[in-house]
Amino acid sequence: MSSIQVIPVHMYVLLSAVLFSIGVMGVIFRRNAIIVFMCVELMLNAVNLLLVAFSSYLSDGAGQVFVFFIMAVAAAEVAVGLAILSMVYRNTKSVDIDTLSKLKE
Amino acid sequence: MVIAGLGVIAMLSEIFSFKKLLYPLVLLGLLAAAVLAGLDWNHDTRIPLFGNMIMFDNFSAAFTIVLSFTGFLWFIMARDSFNEESSLTDHYALALFSLAGAVVMVSFGNMTMLFLGIEILSIPLYVLAGSRKTDVHSNEAAFKYFLMGAFASGFLLFGIALVYGATGSFDIPKISLYVAEHATNLPGFFYAGVLMMLAGMAFKVSAVPFHFWAPDVYQGSPTTITAFMATIVKTAAFAALFRLFSNCFIPAATTWSGVVWTLAALTLLTGNITAVYQQSAKRMLAYSSIAHAGYMMLAILAMNKFSATAVLYYTASYSVSTIVSFTVLQLVAAHKGSDLLESFNGLAKKNSFVAVVMTIAILSLAGIPVTAGFFAKYYIFTSAIDSGFTALVIIAVIASLIGVYYYFMIIINMFFKESTDDSPFVIGAAHRFLLIVCTLLILALGLFPDIILRFWI
Amino acid sequence: MTVYLFYLLSFIAILSALMVVFSRNPVYSVLYLIVTFFAIAGHYVLLNAQFLAAVHVIVYAGAIMVLFLYVIMMLNLNTYNEMQKANWLRFGAVVSGCLLMVVLVGSLKGAETMQPGAVHDANIGLVSNLGNVLFKEFLLPFEVSSLLFLAAMTGAVMLGKKSIRS
Amino acid sequence: MQAGAAAGSAIDYIPIALMFIVAVGFVAGTMYVTHILGPKRQTRIKQESFECGIEVQGNARTPFSVKYFLIAILFVLFDVEVIFMYPWAVNFKQLGVVGFVEMMTFLAFFLVGFYYIIKKGALKWE
Amino acid sequence: MKDLVGLIPLLPLLGWFITGLFGKKLSRTAAGLIACSTVLGSFAISLGLFFEVEHLETHRFTVDFFSWISAGTLQVPFSFLIDPLSCLFLLIITGIGFLIHVYSFGYMHDDDGFARFFSYLNLFVFFMLLLVLGSNYLIMFVGWEGVGLCSYLLIGFWFKNTAYNKAANKAFIMNRIGDLGFLLGIILIFLTFDGNIGYAEVFDKAKYMSSGDGTITAITLLLFIGAMGKSAQIPLYTWLPDAMAGPTPVSALIHAATMVTAGIYMVARSNILYALSPVAMEVVAITGIVTALFAASIGLLQNDIKKVLAYSTVSQLGYMFLGLGVGAFTGAVFHVMTHAFFKALLFLGAGSVIHAMSGEQDIRKMGGLKKALPITYMTFLIGTLAIAGFPLFSGFFSKDEILAHAFDHNKVLWFLGMLGAVMTTFYMFRLFFVTFWGKFNGTKEQQYHLHESPKSMTIPLMVLAVLSLVGGFVGLPEIIGTHRLEEFLAPVFADSKMKLFHAPLSHDTEWTLLITASIVCVVVIAFAYQYFVVKGRRPAEEGEEISPLAKTVSNKYYIDELYEALFTKPLNWLSDKFYKIFELQVVDGIVNETGKLVNTLSGVLRLLQTGRIGFYLFAMVLSIILILFVTTF
């Protein structure tokens, strides 16, 4: 049996909201770009969880397929993002998001 | 069909082996895409494709034309700037992918496509922004754009998920049907979802206070890429935003209209006022593009029968003028080695052609009559007033007055200041052609606005 | 039993998520994030999204996090002690994070009333059904996503190849 | 897919869970066992790394070579692409020719990318 | 002729194209000839139209070119309206425009931007014609912006220094404020007259509206703000004196004859709307008279020959608005015409003087030029008499008509008007005597170089002189003759005439007014003669003018004492204070402060752009929290 029948869906909504907020908090809390990026991934996973919960609540496969696409995009983003990160590190020897502020005002 | 256009684009970009042929092929392909989009004009109402993944209606056709034509112009502009880059074809490929994403964005019929479109638009741009690999500014631009873009798409996704939960579908028609039927008893988190999507999109259109990335990224990226962001990305993002809200969320207007109102007002004022201070022309144009986002948001807010036209007209005229201004900026920067406003000094003496063209483009951006920009603003304002947002329109008019002030800085520099050196200022045939075409377009749109307006109404 | 599992997994997920944010050493953050992902995978299993659970583990825990770890090692960040934000900023970050949580939870009302539908199809999570949905309804996104991968590859190579040269 | 019909709950996935446990357990176990079986005669000399008298400098973990990095990235991408094939493989018969064509187009893109990578020499191992 | 209407604006546009694009390749003569001939062509066509319109029974026709905008309810054709009003303005613009083109031929001859100058002039003429010809407010607005732009370019024509920016920005901000008003006015019209902005539709609807309607007042006031900006009325007038920095022909064409009268044209065009709103009429009248007095008083002490003329232009424009305000629409338009004649003449004369003085503009350095520049002297005299309203000169009739209506409307307005007239006469003759009489005060080489200007400059002077001599006779008051202009313009103002009907003045009142005006004029001229010629006074050098008393004790003449007591002291004081306090402090102050404010704000806002991603993300999060909070709780 599926947990969605015994656990009200709003528990899942809350759970993913909490995870999402933790992710956001991490993004604005840390200065290490990689960690920040990981926190973004955390946010995405909160979304995935929410989608899966809804999809099995509505017994509709679309939600889970959407999660597929999110994963795909996440992979692509990670690939590009880490490439950018390493490039930046190579030039500035730092992945600190706040030291990187030459462009301003 | 748009898919055909997409295919052309995608396939083209893959012909890496023979570089010579690539460039003309790209241009032809883009024109072909525009034509194809034009062909299935008025296949009455909308053609759903692939189970409604794509809804190809006049709206999307028109925007596809605008996008691919802008792409065409952009490629002419970008020609020289890529040549010195080591991997020329990569740039083409990425730009084309991004363009494909834009096309998907303007014709999506399903949240999945919206999301994928946005990502396909953005991911190549993250790379392109950083395409000057050794230049720290370019790196920083790419980095900022990427990090904040990923963050923003997180919010967008959360919004999509919530909307899905509330309406039980990703399909735009289904959603709008559901929303229309259950307008009264929608769960609370549906509205939260709408707002989160709004926030996510607001980032893409660089609306205050989600605009912070824009000036830095615009300044840091290579000028051609900046032009791409300022034209194609903005157009696509606005088309998508408009499509989304006009199709789905009108019944929920009471929730978001207030928010959009505030965002629009903030965007108008912040964009225009901050631009006044700028010394770098590139950065000034960045702020001005933020400000233009504000004007277009008026149409989103108005959401009445001319809004679609207004947005289309505005994006078209804005894109053309922006292409011109960035092209000239690029030329000037290449000539003087700096993109400060001073480097425009005495341009009129050196090369009156470029100076005049730039002036026309600037006037159009500033919204002075007989240029496209004036009518663009005029429609936006009338459509907003029709829906009774007079206060906001007054703010917008005042903002535009401030705008004119800084736009004229450039004109003053070009005409009334003396240049420090007197080295000749020459431009290539391609750029000359581009500038002429754009200028004619600007004037044509300004003199005969009907050529775009006849479409819908 | 399911209920307890749910709470257990949620607890693990949240806890390790917090640890991701607060642990000083990046490597630990990565490991905690992996734990979070496993917990989420557990949730998927509970929700009868077994295939998704598997994919999740493979993609995230298996590939993405490895990549993260790799980068951290490559850039030798495990010893690189990150500069902390100014204290008030970190405090503000935490506060606003909690604020967001509160507001979010507050604005997400309306879900409590949703009761599971009478008919519950437990099989949607199965590979075959997903396959049907994916290849019938979501065909175009599927093809388009390949474009996305292409773009990502081109980009990664374009940026990455330089790294070999320099 | 008969199993699909039957599969309705987490219970059927116990084997998988078991497999995970066994795998993790095995790794942990062997590590532990080697740990205790190994001889423990801790002396200062033994603690020092033998560097012909020179003190060790810096961090023991030296950074990986950059040149594998790109490969790692590409691995992730292809990994995810391949995952898209599972559902297709499972429904292969059911989807029939149409599905086949679809997948072929997908693979076409896939291979174009692959060809591109080869051509760029991203996988060169110099 | 109807078929040729399109050519009127097209020809100058063509001229702009040719001179602008191929300016470098063309010889100076060729460029000049093209520019002049195009304007001459449009003048010929306008002349044809003029006679044609007079004989049409409807007295008006529109020429449709294409449907310009058709967006839902908004239907705007691109079409021209030819009626007596637009015809008259066409004649003024093209006619005087042509003369000034010819003049510039000589004036600008040794300037390296010759072709560029002519291309700008042509462009300006084009937009001005568009402004006048358009059959709806939108086209008018297009022309309106266009002329603004051209004047901006032409003012800056000689400016290479940074000081330009300040003046230009001032001109710019003020015109922008005006445009804002105009644009809002148009939008309001669009809303009030359910989606129409064409003159025909709007005015037909307006005909049946009742007087004193709130929205109409709003519309008219907004439009008037636009007019204030363009036609340099208080408080948006200080840009005009600054604009004198441009080449003199520009000042003559743009800042005297044509562009600055655009505001008058707009109000006259919408006369029916104004007729519906007494409040607006009052506002217009009062602004007009205040500006007239004010600028005249400042003119009393100016020593730059062009500045004097600039202030007098402002004050004359004030008279025109006074006329509009008291319902003397014909009178106002009449004054526009005569003013175009004599003010253009005066500016061109001033130009010729400056030319002769090799660039000197300070009248204190001049004097006794009448021998050196006989033609300029004669023509300038005629111009001065005309502006002073000397009997039978053109200014006399037009000013009298306005003042007569003012008298009929309200005695105080009339008295103030007379006061202004007195000042005008005085400062104009001060200028005249100081410049042309007495002995030469310039440097030796200036004196050596003194020469009459070439034919291309003197001929336009003479033509204009003749015009300002006889121009008045088209509008004789009915006690003397027939008011041809009134008959001609009657169809335009018919409706508003009905709305605000008032009995014509009795004949002896008319006579009294005429005679009073003439006597006052003559007396003041006599004063000025006494003061500047017989006593040979020169305007004080910088710094002295604060204590006129010191200078006056020396002379015993009763007449001078009287003069001092009556005019100089109070007026000097007033003029000084007006200039120093009101203009420099208040108006410019406000304008500059606006600029400063924006700059400061911008300086503050830019600081938000810290360049730190952390902060950006933080801001995003906070704003999302705010959005969610506000909308959900």
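Modeller: A helix here is a DSSP run of H or I, at least four residues in length, numbered from the N terminus. By that rule, in this predicted model, His507(E) is found in helix H23 (residues 507-534) of chain E.

Colleague: What makes H18(E) and H23(E) parallel or oblique to each other?

Modeller: Helix H18 (residues 394-409) of chain E packs on H23(E) at an angle of about 125°, the axes being 10 Å apart. Angles from 65 to 115 degrees would be roughly perpendicular and those over 145 roughly antiparallel, so a value between 115 and 145 falls to the rest, called oblique. H18(E) and H23(E) are therefore oblique to each other. Their crossing is right-handed.

Colleague: Which residues make that contact?

Modeller: H18(E) gives Asp400(E), Leu403(E), Ala404(E) and Phe407(E), while H23(E) gives Glu510(E), Leu513(E), Leu514(E) and Ala517(E). By class there are 6 nonpolar and 2 charged residues, with no polar ones.

Colleague: Over in chain B, why are H10(B) and H12(B) described by the term they get?

Modeller: Helix H10 (residues 223-247) of chain B and helix H12 (residues 281-302) of chain B have axes that come within 11 Å and cross at roughly 10°. Angles under 35 degrees count as roughly parallel, and that makes H10(B) roughly parallel to H12(B). H10(B) passes H12(B) in a right-handed crossing. Among the residues in contact are Phe238(B), Leu241(B) and Phe242(B) of H10(B), and Ala293(B), Met296(B) and Ile300(B) of H12(B). The contact divides into 8 nonpolar, 3 polar and 2 charged residues.

Colleague: How many residues does each side bring where chain C touches chain B?

Modeller: Chain C brings 22 residues and chain B brings 26. On the chain C side, helix H6 (residues 139-165) gives the most, with 15 residues. That side of chain C has 14 nonpolar, 5 polar and 3 charged residues.

Colleague: Where should I be careful with chain E, and why?

Modeller: Chain E averages a pLDDT of 80, and 88% of its residues score at least 70. The pLDDT stays under 50 over residues 542-547 of chain E, where the model has 4 contacts beyond four places in sequence. Residues 549-559 of chain E are also below 50, with 5 contacts beyond near neighbours in sequence. Where pLDDT is low, the predicted coordinates should not be read in detail.

Note on methods
Residues numbered from 1 in each chain as written. Chains lettered and ligands numbered in written order. Predicted model: local features only at pLDDT ≥ 70, side-chain atom pairs only at ≥ 80, totals over all residues. Contact = placed C-beta atoms within 7 Å. Helix = DSSP H or I, 4+ residues; strand = E, 2+ residues; numbered from the N terminus. Nonpolar A, V, L, I, M, F, W, Y, C, P; charged D, E, K, R; others polar. Axes fitted to C-alpha atoms, helices over the stretch in contact; angles between N-to-C directions. Left-handed = near helix turned anticlockwise from the far one by under 90°. pLDDT = per-residue confidence, 0-100.
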